[in-house]
Amino acid sequence: MCPSDPAQQPDATPAPAGATPAAYRAEAADGTAGGPAAGEPRRDPQAANGKKRDTSYPPAPEPLAVPVVDNHTHLDFRDGEVTVSVGQALDAANAVGVAGIIQVGCDVESSRFAVEAAEADPRVLAAVAIHPNDAARLAARGDLDAALAELDALAAHPRVRAVGETGLDYFRTGVEGRPAQQDSFRAHLELAVAHGKAVQIHDRDAHEDIVRILGDGPRPDTVVFHCFSGDADLARICNAHGWYMSFSGTVTFKNSTALREALAVADPALVLVETDAPFLTPHPYRGRPNASYLIPYTVRSMAQTLDGDVDALCTRIAANTTAAYGRFRP
């Protein structure tokens, strides 16, 4: 049994293994459920190579015996042709042993959505922030300070347990945007400290500067590297500082040897799991839409990299999640 408290037992009837949950089937979607409406944020139906992706949701995995929490997801971001409500997404996740989620903001609007979702469903906790790429754009327009002021108000909410995703992204933002990203990152760290929240870090091609800024302080007691993308050396740095490492579907990819090496040396007390849905769908469904109900594929792959004991890994992840964010229910 999960030592974490969200939905002590999965409370939805599991779909047969190999069947896509009903809410995620195009023929079952009526377009009236919660979440974004047609025309709002939606993942590109084309892959990076320009080819059309398979936008159907993958089949449900075998349920986990010990429930875990999806450390980072975006329920407000559409993929494929279906619109799934928060409740439907959580029911499908519960059915396979995913007891709760951290709904993460990337801008003011999505941060508001995160808070509203956490207020409406006890299986949801929220994180609020301005994504580093958006921070650079807002700073260029002179709008970053106003956005940070609104985040300050949102971060005070008791269902908000993290400031994130914040950090640095040197892949999509050029050198000219880096000072603004770094200033925004420092401001988010100050918000997390002021409100006693964790921080969820987006780190893309910026490991050295992330570690440097964290070292400069101030920083909150709880630091989480969302979608951990470093190697064994960065994992050892995280071990030394007590920073959590959250592994996504990328750890299952055939070319992710360095990530699996990082997982192998990561302190077990600092390991989390996430989807970053609708992105980063685990093997063998890479490129298709992702959702919290697909977490078991990633967990089982992680267990293969470690000692093979899925239940023990789930028990550890559940305990780590509670240590990082507190309880979902009073």
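**Backbone exceptions in a predicted model**

Asp-205 is exposed, its relative accessible area being 52%, and a value over 50% is what places a residue in that class. Most residues other than glycine have a negative phi, and most peptide bonds are trans. Against that background, the residues below are grouped by the kind of backbone geometry they show.

- Asp-205, although it is not a glycine, has a positive phi of about 60°, and its place in the chain is the loop that runs between strand E5 (198-204) and helix H6 (207-216).
- Leu-280 is likewise a residue other than glycine with a positive phi, here near 60°, and it is found in the loop between E8 and H9.
- Leu-280 has a relative accessibility of 23% and therefore counts as partly exposed, since that class lies between the buried limit of 20% and the exposed limit of 50%.

- The bond that joins Ala-277 to Pro-278 is cis, with omega near 10°, and Pro-278 belongs to the loop between strand E8 (271-273) and helix H9 (295-305).
- The peptide bond from His-283 to Pro-284 is also cis, again with omega near 10°, and Pro-284 is found in the loop between E8 and H9.

Key. Residues are numbered from 1 along each chain as its sequence is written. This is a predicted model: local features need pLDDT of at least 70, side-chain atom pairs count only at pLDDT 80 or more; totals for chains, interfaces and linings use all residues. Side-chain values use heavy atoms; hydrogens and water are left out. Helices (H or I, at least four residues) and strands (E, at least two) are DSSP runs, numbered from the N terminus. Buried means under 20% relative accessible area, exposed over 50%, partly exposed in between (1.4 Å probe, protein chains only).
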